[in-house]
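Open your viewer and get ready to select a few residues with me. We will go stop by stop, and at each one I will tell you what to look for.

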Amino acid sequence: MKLKITIPLAGALVAGTLLVTATPGQAGLLGGLSSALNPSAPPTNSAETANLGQDLTGLNGRFASSMREMLMAQALTLLALGDQAKGDQLTTEAKSLQGVNDINVVARSITVSESASTEINQKMKASTKLSRASKGDLASAVPYYLAGSVQAAGLPNAYQSWIARARSSATGGGAIGMLSGGGLGNLGSVVTVTSKLPSLISTWGTTTHNFVRFAQGNQVNTGDLASKI
């Protein structure tokens, strides 16, 4: 006696018919799946996917660099204001970002830096006359504030532009792995971090502005930092 087994899905695949109801946002992903199942479907744009990956790595490196510079600026400012422990903590945090180009790793320092800005602004308001050593720490912070401000400028817009390109590529069937945590990283994470950047950079700008005023009030030369804020 022969046992007969019927598998409807297998028959559908053999017949080349697979019915799937998708939302508009899923259409690009399903288009990529269709390409895998149907050799005659248009191939994904691997060149664009590679470009997106390279560009994201570059943006993340720039974000890490600006974060590292600002953390060092904040560390030296807090040292000048007498908070050795917090200054050392921020120095360690800054060094941990050396060579990092993962947006999620860099984003972990956002809260640390914003908290440091709050403390710096409060301490500068309450500070009295500084010692010569403290003025030296302030002067040492100037190039870090300058580098951090320059590198942070335009980051939100640059990330937004990248996100638009990534979404367009995914909708067209490319960069599939990006949306599922693949080679280009998780698009959702990039979107989430990007939404926090305007507030972070605004906070940095306020602290840098207050730093310039405070340093100049203590006869510390800040060069052309004021023009870069």
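Predicted model: local features only at pLDDT ≥ 70, side-chain atom pairs only at ≥ 80, totals over all residues.

**Stop one: E119.** Select E119, and you land in helix α6, which covers residues 110-126. Is this residue buried or exposed? E119 has a relative accessible area of 18%, and buried means under 20%, so E119 counts as buried. Now show its surroundings. Leaving aside residues up to four places away in sequence, E119 touches L78, D83 and K86. Zoom in on K86: its side chain and that of E119 are joined by a polar contact of 3.1 Å.

**Stop two: helix α7.** Next, select residues 132-152, which make up α7. How far apart are its end C-alpha atoms? They are 31 Å apart, which agrees with the 30 Å that 21 residues should span at 1.5 Å a residue. Follow the helix to A141, where α7 bends by about 25°. A proline, P143, follows within four residues of that bend. Color the buried residues of α7 as well: among them are S134, L138, A141, V142 and Y145. Then step past the helix to G154, which follows α7 and has a positive phi, near 85°.

**Stop three: Q219.** Finally, select Q219, found in the segment after α10 (187-217).

Note on methods:
Residues numbered from 1 in each chain as written. Heavy atoms only, no water. Helix = DSSP H or I, 4+ residues; strand = E, 2+ residues; numbered from the N terminus. Buried < 20%, exposed > 50% of the residue type's maximum accessible area, 1.4 Å probe, protein only. Polar contact = N/O pair within 3.5 Å; in protein donor to acceptor, adjacent residues only side chain to side chain. Contact = heavy atoms within 4.5 Å. Expected span 1.5 Å × (residues − 1). Bend = angle between axes of the 7 residues up to and from the residue.
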